[in-house]
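Keep the structure in view and try each task before you read on.

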Amino acid sequence: MEAIISVILTIIAVIITAKFVLKKYNPSLVFLTSGFIILTILAAWKGYTPLGEATTGNNFLDVFAFVGTSMKKQLSGVGSNLVLVAGYAMFMNHIGATSKLANTITKPLSKIKNPYIVMFLVFVIGSFLKTMITSHIGLVLLLMPSVYPVLIKLGISHLSAAATLLATGFLDWGPNDGAVIFAAEEVVGVPVVEYVRSYQILPAVITILVMGLVMVIHFKKKDQVEGDKYGDLELGFDETNAQALSGIYALLPAIPLLLVIGFSFQKAVSMDVFTANVIGIVIAFLLEALRTKDNEVIGNDLKVLFEGIGNSLANIVLLIISAEIFAQGLIALGGFNILADKLAQFKGAQLITIAAFTALTFFGVIILGNGNATWFSFGPLAANLAPAIGLTPYQIAVSMQMSASIGRCLSPIAGAVLTASGLSKIPTEELIKRLSLPIVVAAITNLIASYVIHIVL
């Protein structure tokens, strides 16, 4: 009976929490409140404490003390990386370096005459740009003014062109992405470069290429049958380049990525994400000093950097802390463990479990509209469930983490979807409808590739 109650309470907790997030309550507040309620119920029901042997001596006080423990852990660990990465990204946007990078990489594509080859290359290049421009919304904002007109002039419909650019940010991957950092350091327990190189990069690349090919076939067929339904729409943004900068500025957003990857191929010197971003910041400020020769401009640049750090501390890190408390409550309830134990009794339980939890994050982000909120909430379950079915955490975490971003393109409340819709003046439901088949194929490809690479082979 107790097991049934645990499963029922787990399901109720997930449904109620999702309902409040859907109503656009602050996700951090929702996760924090839900976690508090669950842990308090468990303290009264089972005498549970989230602190274990480090208890204060009172189970109810332990619930409050756990918040402080979580905050200290995050600020000294993954949180410090995330705030600097976010600050650097905001700084790059401010000085125009991200626009320079996007324009530099995509400009040569206009010379290719076959529009659907260009579309495929734009998608693949944009997906790789996502490793440097980690914000899905930011990537859409950069590519729409510079690449959207090019695709349309080459003969691709407005709808397919907008859907392509929205799709470029469909995957959170690479060592500079907050979701990946969280997966590596908090769920799997390995350095982020090792996580990307050893576990993520191969299924990610396979998923990108398969989705790109499906998009070409699907979009071309749709354009031939339907024509350009939105061909009379005016472009909803300025087509001119954002800022005239030296070509070297295009390298700035890529510096942290290049450093962590470059140093990973040798063992003499180690390079972590935090250090790589600090080096990028120093180089960027030196270039800005040489370009502007204006102390006031440099001071404003510094202000923007620290505003980005502060905003991420107030939003991203708070969300991680709140989601960790919620996840701890779900783990302590035991519903997911009970289901995993039941699955373990069946042949093929590993694939069933991976598929179930990958689907959980895929549909979770469609409902919540936020990949980080979904992944930070359910990601820690991977580490807890994996041993029950004879797996290590990365074998579940990789497909779960990537599916939490793949599903974002099908969410009518996701910021990137709304941004692409607003700039193109195409209804969100039309963009989602056009992308549904490629995204579903990508989700299935991600699951199969992750399972075959990490378990079968």
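**Exercise 1.** At roughly what angle do the axes of helix α7 (residues 136-154) and helix α18 (residues 415-424) cross?

*Before you start.* This is a predicted model, in which local features need pLDDT of at least 70, side-chain atom pairs count only at pLDDT 80 or more, and totals for chains, interfaces and linings use all residues. Residues are numbered from 1 along each chain as its sequence is written, and side-chain values use heavy atoms, with hydrogens and water left out.

*Solution.* 
- Step 1: The axes of α7 and α18 come within 8 Å and cross at roughly 25°. Axes are lines fitted to C-alpha atoms, for helices over the stretch in contact, and angles run from 0 to 180 degrees between N-to-C directions.
- Step 2: α7 and α18 are therefore roughly parallel to each other. (Angles under 35 degrees count as roughly parallel, over 145 as roughly antiparallel, 65 to 115 as roughly perpendicular and the rest as oblique.)
- Step 3: On the α7 side, the contact is made by H136, I137, V140, L141, M144 and Y148; on the α18 side, by G415, A416, T419, A420, L423 and S424. Contact means heavy atoms within 4.5 Å.
- Step 4: These residues divide into 8 nonpolar, 4 polar and no charged. (Ala, Val, Leu, Ile, Met, Phe, Trp, Tyr, Cys and Pro count as nonpolar, Asp, Glu, Lys and Arg as charged, and the others, Gly among them, as polar.)

**Exercise 2.** Work out how helix α12 (residues 273-292) packs on helix α13 (residues 295-333).

*Solution.* 
- Step 1: Their axes cross at roughly 155° and come within 10 Å.
- Step 2: That angle makes α12 roughly antiparallel to α13.
- Step 3: From α12, the residues in contact are I281, F285, E288, A289 and T292; from α13, they are V297, I298, D301, L302 and L305.
- Step 4: Sorted by class, the contact of α12 with α13 has 7 nonpolar, 1 polar and 2 charged residues.

**Exercise 3.** Describe the packing of helix α15 (residues 349-368) and helix α19 (residues 428-456).

*Solution.* 
- Step 1: The two helices pack at an angle of about 145°, and their axes are 11 Å apart.
- Step 2: α15 brings Q350, L351, I354, A355, T358 and F362 to the contact, while α19 brings I439, A443, N446, L447, Y451 and I455.
- Step 3: By class, the contact of α15 with α19 counts 9 nonpolar, 3 polar and no charged residues.

**Exercise 4.** Are G126 and P149 buried or exposed?

*Solution.* 
- Step 1: Find G126 in helix α6 (residues 115-129). Its relative accessibility is 2%, so G126 counts as buried. (Buried means under 20% relative accessible area, exposed over 50%, partly exposed in between, with a 1.4 Å probe and protein chains only.)
- Step 2: Leaving aside neighbours within four places in sequence, G126 is in contact with L139 and T168.
- Step 3: Turn to P149, found in helix α7. P149 is buried too, with a relative accessible area of 5%.

**Exercise 5.** How many helices and strands does the protein chain have?

*Solution.* 
- Step 1: The protein chain has 19 helices and 0 strands. Helices (H or I, at least four residues) and strands (E, at least two) are DSSP runs, numbered from the N terminus.
- Step 2: Of the 457 residues in the protein chain, 53% are buried.
- Step 3: The C-alpha trace spans about 65 × 60 × 45 Å along its principal axes.
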